[in-house]
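Subject: Structure for you to look at

Hello,

Please find the structure below. Have a look at it before you read my notes.

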Amino acid sequence: MGTPEMNRPEVRTMADSLGSLRDAFINYPFVRYAMIVGLLIALCSSLLGVPLVLKRFSFIGDGLSHVAFGAIAVGSAVTFALRSIGSSGADGLAEVLSVNHSTAIVLPITVISAILLLRTGQNTKIKGDAAVAMISVGSLAVGYLIMNRFPTSSNISGDVCSTLFGSYSILTLKLSDVILCSVMAAAVIVTFILFYNKIFAVTFDETFTRASGVNAGAYNLMTAVITAVVIVLAMNLVGSLLISALIIFPALSAMRIFRSFRSVMICSAVISVICAAFGIILSILYSTPTGSTIVAADIAVFLLMSLVSAVTRRN
Amino acid sequence: MPENTEKKENKIQLACRRASLGYEGRVVAEELSFEVHEGDYLCIIGENGSGKSTLVKAILGLKPQLSGEIEWLGGVSPSQIGYLPQQTVVQRDFPASVREIVRSGCVSKSGLRPFYSLAEKDLAEQNMALLGITDLAKRCYRDLSGGQQQRVLLARALCAAQKMLLLDEPVTGLDPKAQLDLYELIRELNKKGITIIMVSHDVAAAVRYSSHILHIGSRRQLFFGTSQEYRESEVGRSFLAAEGTYGYPGDEQTGGEDNG
């Protein structure tokens with residue numbers, strides 16, 4: 001989780017004293033890191049958003065982000081437990097985990113939950129929405145409980161807040177985080193390009209695709225894994241409560257205007273990247289929380305697109 | 001009028017022998033036996049809950065039969081059927097162009113190749129021309145009429161397979177004019193040599209257009225044969241007479257004990 005509080009004054013003075021974004025980019029590597037990671041995450045989540053929204057799976061993204069919150073709490077607790085054992089070996093392991101626990105523990109837990117949730121979503125006998133609601137609020141409650149019981153810092157509410165809303169954690173990334181994020185984002189984007197036609201076919205008509213001999217189950221599994229990866233990535237940028245906004249808003253905005261799958265995908269990606277860039281810059285200049293600023297930009301674009309669509313439909 | 005009844009020498013493509021169907025241990029239809037020959041137009045009729053859709057899934061190889069045999073012959077396999085499923089809610093407001101949807105019929109042919117080949121794109125254009133929807137290619141699917149949407153899905157099905165089409169309640173939800181158009185279109189495709197299997201609850205149209213009828217009652221097969229034979233059979237006569245009403249003589253007695 002790092003120490004978001006420490007960076008807060010630094011960010012503010014930077015924005016005030018330098019006054020110039022260009023200088024910030026040149027002088028502060030973390031601003032560049034935030035920009036690279038932010039744009040990559042925005043791109044991934046917007047690509048994923050289109051099939052998720054069309055398959056009526058938006059709620060699964062929301063549920064999973066809460067699971068990721070619980071997983072982060074478990075990660076912190078494991079770190080805490082290893083530290084309290086006190087031996088040098090355990091301490092070393094604790095260090096490794098606290099640097100990378102956002103992926104080492106959170107990713108596997110989220111991937112498994114994603115697979116389970118998409119399974120129940122397909123099975124109409126089990127109430128899919130109830131299962132998602134149960135898992136998501138359950139994770140929130142247990143996560144908060146664990147965070148309070150095994151605090152990693154003295155500022156518990158600060159930790160919880162930054163996990164839920166992202167606050168400034170995007171500006172505290174290290175180079176290793178940036179590389180990890182970039183590799184995972186690149187993998188997601190390449191998968192989308194390589195399997196574009198299959199994703200379209202499975203999203204539009206799963207029964208037909210299955211009947212024509214394509215292993216639709218494998219593509220659903222792939223979607224589940226990608227959803228989990230994107231959520232774990234996006235956690236850094238906007239925090240776990242706001243992830244679904246990053247996933248669904250660009251897709252919904254694009255669908256207001258565009259009428260083919262490809263144009264919706266492209267438009268969604270463009271909207272998301274522009275909003276993320278705009279949000280990050282604004283949040284640096286005005287010291288606003290990064291995640292909420294990006295989501296606010298997404299909402300503004302959605303309203304604009306809705307307006308445009310209402311006007312063009314009337315004509 | 002049945003067109004292919006006399007061409008008995010045509011190759012068998014699908015043979016179903018004493019197949020029992022069901023899911024999760026519950027039998028919905030048993031002792032189904034029928035054959036489909038090349039160029040046939042088979043209509044599967046029966047009221048709701050008679051296992052028609054389970055039979056469709058079994059034919060497609062999506063849900064294995066509980067017992068008995070479903071055999072594919074003459075170089076046809078489940079994945080080579082052009083399938084026209086019932087429409088889903090998802091599709092009603094899906095942002096996709098007609099061309100994108102028709103091309104997606106080639107998804108199985110393209111294998112692991114990420115993009116469609118020129119030949120596959122050509123095939124999509126040919127099938128759009130065949131069904132008279134070339135001028136709709138760039139239109140959005142959700143803006144089309146019900147009849148046009150079915151033509152798009154038929155073109156997609158033809159991209160998946162040229163030998164056989166399996167149509168699941170294709171005219172449901174269409175207005176009478178669009179229903180007639182679609183029936184005529186399917187008849188044209190059948191005349192071109194494409195085998196048709198259609199699930200329907202429109203018995204009058206089934207008898208008028210198809211060459212063979214498979215009638216499934218509650219849990220068991222009531223009739224299989226040519227449409228001509230069906231019209232003359234007791235089951236067919238009583239069903240055609242009672243058309244438009246559910247339940248008819250002969251069905252009540254079969255409810256409980258029909259394990260032969």
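Predicted model: local features only at pLDDT ≥ 70, side-chain atom pairs only at ≥ 80, totals over all residues.

Residues are numbered from 1 along each chain as its sequence is written, and chains are lettered from A and ligands numbered from 1 in the order in which they are written.

Chain B has 23 residues in contact with 28 residues of chain A (C-beta atoms, placed from the backbone, within 7 Å). On the chain B side, strand E5 (81–84), helix H2 (89–92) and helix H3 (98–103) each supply at least two residues. Helices (H or I, at least four residues) and strands (E, at least two) are DSSP runs, numbered from the N terminus. That side of chain B has 16 nonpolar, six polar and one charged residues. Ala, Val, Leu, Ile, Met, Phe, Trp, Tyr, Cys and Pro count as nonpolar, Asp, Glu, Lys and Arg as charged, and the others, including Gly, as polar.

Now the strand. Strand E8 (residues 212–216) of chain B is mostly covered, with five of its five residues buried (20 or more other C-beta atoms within 10 Å of a residue's own, all placed from the backbone). B:His212, B:Leu214 and B:Ile216 point one way, and B:Ile213 and B:His215 the other.

E8(B) pairs (at least two DSSP bridges) with strand E3 (residues 41–45) of chain B in the parallel sense, over four bridges. Here B:Ile45 stands opposite B:His215. With strand E9 (residues 219–226) of chain B, E8(B) pairs in the antiparallel sense over five bridges, and B:Ile213 stands opposite B:Gly225. A hairpin through two residues joins E8(B) to E9(B).

Regards

Definitions and conventions: Contact = placed C-beta atoms within 7 Å. Buried ≥ 20, exposed ≤ 12 C-beta atoms within 10 Å, placed from the backbone.
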